[in-house]
There are 2 protein chains.
Amino acid sequence: MYSDAFFIPRALLLFAVFLAAATGVHAEDGYDLWLRYQPLEAEAREKYRPQLRQLVIPGSEQSPTLKAIEGELVRGVGGLLKRAPGVSAGVNGDGFVLVATPKASRDVRAQNFPVHKLGEEGYLVRSTTIRGHRGTVVAANSELGLLYGSFHLLRLLQTRSALEGVSIESRPRIGLRLLNHWDNLDRSVERGYAGQSIWDWWNLPDVLDPRYTDYARANAAIGINGTVLNNVNASADSLTPRYLAKAAALADVFRPYGIRVYLSARFSAPVEIGGLDTADPKDPDVQRWWAHKADEIYRLIPDFGGFLVKANSEGQPGPQDYGRSHAEGANLLARALNPHGGVVMWRAFVYQQDNPEDRAKQAYSDFVPLDGQFDDNVIVQVKNGPIDFQPREPFHPMFGAMPKTPLMMEFQITKEYLGFASHLAYLGPMYEEVLRADTFAEGPGSTVAKVIDGSLHGHQLTGIAGVANIGSDRDWTGSTFNQANWYVFGRMAWNPQTGAEEVARDWLKITFSNNPVVLTTGQDMLRDSRQAVVDYMTPLGLAHLMATGHHYGPGPWVSDLARPEWNPAYYHRADKNGIGFDRTSEGSNAVAQYADPVAKRFASRSDVGDDLLLWFHHLPWDYPMTSGRDLWEELVHRYDTGVAEVREMRAQWQSLEPLIDAERFDKTARLLRVQEREAQWWRDASIAYFQSVSQRPLPEGVAPPAHSLEHYQAVKYPWAPGH
Amino acid sequence: MYSDAFFIPRALLLFAVFLAAATGVHAEDGYDLWLRYQPLEAEAREKYRPQLRQLVIPGSEQSPTLKAIEGELVRGVGGLLKRAPGVSAGVNGDGFVLVATPKASRDVRAQNFPVHKLGEEGYLVRSTTIRGHRGTVVAANSELGLLYGSFHLLRLLQTRSALEGVSIESRPRIGLRLLNHWDNLDRSVERGYAGQSIWDWWNLPDVLDPRYTDYARANAAIGINGTVLNNVNASADSLTPRYLAKAAALADVFRPYGIRVYLSARFSAPVEIGGLDTADPKDPDVQRWWAHKADEIYRLIPDFGGFLVKANSEGQPGPQDYGRSHAEGANLLARALNPHGGVVMWRAFVYQQDNPEDRAKQAYSDFVPLDGQFDDNVIVQVKNGPIDFQPREPFHPMFGAMPKTPLMMEFQITKEYLGFASHLAYLGPMYEEVLRADTFAEGPGSTVAKVIDGSLHGHQLTGIAGVANIGSDRDWTGSTFNQANWYVFGRMAWNPQTGAEEVARDWLKITFSNNPVVLTTGQDMLRDSRQAVVDYMTPLGLAHLMATGHHYGPGPWVSDLARPEWNPAYYHRADKNGIGFDRTSEGSNAVAQYADPVAKRFASRSDVGDDLLLWFHHLPWDYPMTSGRDLWEELVHRYDTGVAEVREMRAQWQSLEPLIDAERFDKTARLLRVQEREAQWWRDASIAYFQSVSQRPLPEGVAPPAHSLEHYQAVKYPWAPGH
């Protein structure tokens, strides 16, 4: 609708306003996510219409999931083609879409599709002929598979893919595909930058915001099948009857869409809400309390997924408070859930105040010795890297190192360390980089993806979690481009081999338009955006240089916090002579936590590569880089590159103005202005600081920071969100 | 669209879903407030169309306000009539709407309208003939007046009022018509129950949410002309350059709509952000600091309205910290603002920890002696009653008692003490009760309305403020019916003589439909709803029986808080012998703060009336009431009545199901279920408690509370919003 209008005279604008009011067309406010069913271009509509005349979904009167499928296809096809398909009891003409399990439909059975290959959640979408009529079948072994297949069918239209001759088979490689909401009961969101929690705990279970349904639709559309509702820094109150009733109301809304509800469990809940005087896993009263609590939960939520637990980490209570191991703690909860089929996701994000060991090593040191001690329904949830969701980290050394224990991935979708909601950073390349990393645990090809999809060590229980970037903002994620990170997480959770660029292209088509200029430019922006953040924040393998607490803006000079590993100075170790964290055998020897070939590469200055150089090595400022510059010059160069990349991205977006609707164009343009300003701030502040340490002159032609180091050090942001 | 559909078969529903997707019609989610321009019934459209063919707004290319008028009329008329008027440079046919000042239009000048009577903000709307063409003129002395008149014209359509022969003149009786937002810089809202603050401070001034414009439109539509952006419990940070730039960005959005920005000022800001070691009003450095701060603000916001100040109240800093009076404190700020034309709104909501005087008397005692000491640009902001926004209070005794000082009204629109966002309570009758109360300050007819419109004591500076119930919820106020309270506040601010019932009828027509059943039933609900809350919470003049802190739910038993006047027991004073607060000359003698005839009436058990009986009198449980019941029986009866009223309201709403769209019907129905449950809770808990005190049997036929007193006392709500 907007894509060909280069200049819109005022009269036309007024007319558009009138049209909007008269027909109720709402602005492109981003609410629809990838369920945006705005009409396709006329030629695409014409092409698809004959193929999508008739919808046949046997049993849709009875089943909530089939009803949801019917509603979605009527709405989606109707919107995209400006003509809804008729709903029919049986196939009786060309252009049918038959959505059914073989069990429910004789026509599907007659096709002899290879449904045995699809598992419980998979589906196929096939062009075929039924009794002389040509059309499309979506088949699966379960209604949920049909739902996923139906969303795939809609995606084909949204991406203008051919329906004719289509033959798609798809099944998820990972079992638990979850969002983790770090949402508190007061509706604040830890590390949330898109408004407050979408869970209106106060008004639940009485009031059911229509948004809950749209949340389920959006997640089902990308294959997400579970959600942890509350913060890992959990309040025990979420396990009280009052709050369980609220969680149950959400579970009821989500159930038709195959989204299971999970809760973060506070380990000390038996004390805080149970009236016991211990939470010791070996205490029979504690064991009984958790068993009864599980029974109570499953009475309310029969398909409850299980618990996520952050224990003995950053002040949270845990089994070590009673001299028990993480395995003993996890198994306590696992045994309570086991009779009901629930799982425990036990987080490996631990590091301890009084432990002088390199923080990057501590999780491995704590957990690897426990391999084999966890119950069958426990899965250990490991962050992608060994520190904490930095713009770039090496993959976590636990991946591949615990063959007897299922490990699940924890990605962060919300950009705690990558510019909050305002910086454009597409995380697809970051996820891809981690998933494709080779652990060499069982020889070459032992990728992280194979660890978490269970294939490397033969685990059935598999999982992947993304810390959600979702809030009450109208566009859900604080910006249109942040939606891409939720989207790509879902797509890669379904299949960790999925390429970030392919997903980017789909997302751009669905979100903006099929215009080739939009697609080419948008793909460029998405592809380079995360590296830009790395460059202007923490280039060359540096990490954790953010300001204290809220993690907003630069703070490389901070070195006075109580715990050493809270200080940026702990991570960069810069002084007059050099910079970087020596994790070779000369230093913390963190490299030894990786399998041999990886350890060797990381330990080698020449093989590790620029991206992780200072993560593993402490080097003199005049260390010669492959670029021909020395390390100091290269560092400055990277900061400049980061700023230049943002400036380029801003110009690219500006060039799309005639091709993007006004509301989303304008907000994105304003955010890119913020990002450019803040990239410059990061660059200037970081160079000012590192120069004060290195005492080296700026390379010729490099602009000095706009202000003094003291200026940057004095900047304070007392009301930063998410903290 | 919904009003004639009694049964909607499933196929139709699906079709509606398709239509919604295909045309982008959004659900009735309440976002549009009273700017809901959904098409009128066909006959109304036919009637109006010939009268609204042509829009003539001279100068609309240049002026942002005229441009806003044009946009609003095109959108409004276009939506309501499903046909937009043409925009024309001059009147050249029947059915014109000419919007212009006499200065801008020779055609308007030629009409010789009595514009001198309209003042700066008033307007007239007239049917007339211009050069042989019949049409309507909106005239005013200012563009803002034209905007108000244009919104009135749209309201005529929305309420299906005749345009033919229309002759309306209107001007506001009160100068400052403001919302007070108790919004914090972290986006939390004190006493907010509709999500978080709509001010996205973090992303301002870079990102301008379209909601800011819609906020301005909605307020201008009801004549509100100012907004205090931040909480009266203010952070000094809102006066720093960084936050002033954010406020300025909002002011820029609001300016075309005549909404001025004000800020709550923290009295100790010179210390906290100014680097001074005192905030003493007599200190020249302090005076200079405020003068410079005012200069700085006006450079950014040339039409900045002024400061609202909560000082020496509930822990806030103030002039008394330095031994200075409220007048000296207010004048300090007033002198800084005076060169720029700004005002100081100094709140009279004060009561002190160490003051044993009846809390209801303290504001009067503090302020009345200062009458005459305030600078000309100071106005004292007084809550409607002497305690704190209770479901019912007598009017504040300061009204009428400070003839030399302009007093402005502070109403609470958010329902801190009336069931948060979930209970349906239309506050129009409460506002009306206060505004029409006769202070007798200058003899009979000295109503509160005449105090605050300045006519009683000849003040030019006049004002009224409402503590906003606005948040980030899609429907702005947490429920559709809460919108009515924002609406009626605006209408009564414009003209304090406006009747609550008339406004209710307008609001129902605009918000739901013109269906007579909806109107009759809706008016019944609105009219009785506030009295229902009084009856099930604090009947017969009782007050402040709410639970501690968050004020959610009953807590009449609370008596152990540090400050006596924080305890419900302080207010009800119930014991075995009786109940009520003796404020006669035998007691605190608060009655003496009222003018003689009022004081006499309040002091008389027989004349004061049931509504305020226990506010002013401590009476034995067997005191004979006019109903024939004794006081104990009457109290129980009132609680029962309150519950019955809610039950009735719920049934009334249920009867409207076929006539209301599904989304708003359902949410309201669910909230009424909450309200019924909670009314019962209030009734049961209160009766359980008062019976434990009175030791009297329940009257025959009265149901005992469902649970023991201990049960109710044990109920805790740790995550209540707004606290």
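## Briefing: a predicted two-chain model

K383(B) and D388(B) form a salt bridge, with their closest N and O atoms 2.6 Å apart. Both K383(B) and D388(B) are buried. The model is predicted. A search of the whole structure finds 98 salt bridges over all chains. The topics below cover strands, charged pairs, nonpolar cores, one histidine and the relation of the chains.

**Strand 13 of chain B**

- K383(B) also has a place in strand pairing: its bridge partner in strand 13 of chain B is E410(B).
- Strand 12 (residues 378–383) of chain B runs parallel to strand 13 of chain B, and four bridges join them.
- Strand 14 (residues 463–467) of chain B also pairs with strand 13 of chain B, in the parallel sense and over four bridges.
- Within that pairing, M409(B) stands opposite I464(B) of strand 14 of chain B.
- How many residues of strand 13 (residues 407–412) of chain B are buried? Six of the six are, so the strand is largely enclosed by the rest of the structure.
- In a regular strand, side chains alternate between the two faces of the sheet.
- Both faces of strand 13 of chain B are covered. L407(B), M409(B) and F411(B) are buried on one side. M408(B), E410(B) and Q412(B) are buried on the other.

**Charged pairs in chain A**

- Side chains of opposite charge can pair when their charged atoms come close.
- R629(A) forms a salt bridge with E634(A), and their closest N and O atoms are 2.8 Å apart.
- R629(A) is partly exposed, at 28% relative accessibility.
- E634(A) is buried, because its relative accessible area is 2% and the limit for buried is under 20%.
- D666(A) and R670(A) meet through their side chains in a salt bridge, at 3.0 Å from N to O.
- What separates D666(A) and R670(A) along helix 21 (residues 662–694) of chain A? They are four residues apart, which means about one helical turn.
- D666(A) is partly exposed, at 36% relative accessibility.
- Salt bridges that share partners build one network from D535(A), D610(A), R629(A), E634(A) and R638(A).

**Nonpolar cores**

- In soluble globular proteins, nonpolar side chains tend to be buried together.
- The largest nonpolar core has 234 residues. Those with the most contacts inside it are W34(A), F254(A), W290(A), M398(A), W486(A) and F690(A).
- Helix 21 of chain A gives the largest share of this core, twelve residues.
- F254(A) is in contact with residues beyond its neighbours within four places in sequence, among them W199(A), Y212(A), Y215(A) and V261(A).
- A second, separate core has 233 residues, including I69(B), Y364(B), F395(B) and F489(B).

**H617(B)**

- Where is H617(B) found? H617(B) is in the loop between helix 19 (613–616) and strand 16 (619–620) of chain B.
- Is H617(B) buried or exposed? H617(B) counts as buried, at 3% relative accessibility.
- Neighbours within four places in sequence aside, the contacts of H617(B) include I579(B), F581(B), D582(B), F602(B), R605(B) and V608(B).

**How the chains relate**

- Two copies of a chain are related by a rotation about an axis and a shift along it.
- Here a rotation of 180°, with 0.1 Å of shift along its axis, superposes chain A on chain B (RMSD 0.0 Å).
- That is the relation of a two-fold axis.
- The same surface serves both copies, as 100% of the contact residues of chain A recur in chain B.

How values were computed: Residues numbered from 1 in each chain as written. Chains lettered and ligands numbered in written order. Predicted model: local features only at pLDDT ≥ 70, side-chain atom pairs only at ≥ 80, totals over all residues. Heavy atoms only, no water. Helix = DSSP H or I, 4+ residues; strand = E, 2+ residues; numbered from the N terminus. Buried < 20%, exposed > 50% of the residue type's maximum accessible area, 1.4 Å probe, protein only. Contact = heavy atoms within 4.5 Å. Salt bridge = Lys/Arg side-chain N within 4 Å of Asp/Glu carboxyl O. Pairing = 2+ DSSP bridges. Least-squares fit on C-alpha atoms with pLDDT ≥ 70 in both. Core = buried A, V, L, I, M, F, W, Y, C linked by side-chain atoms within 4.5 Å.
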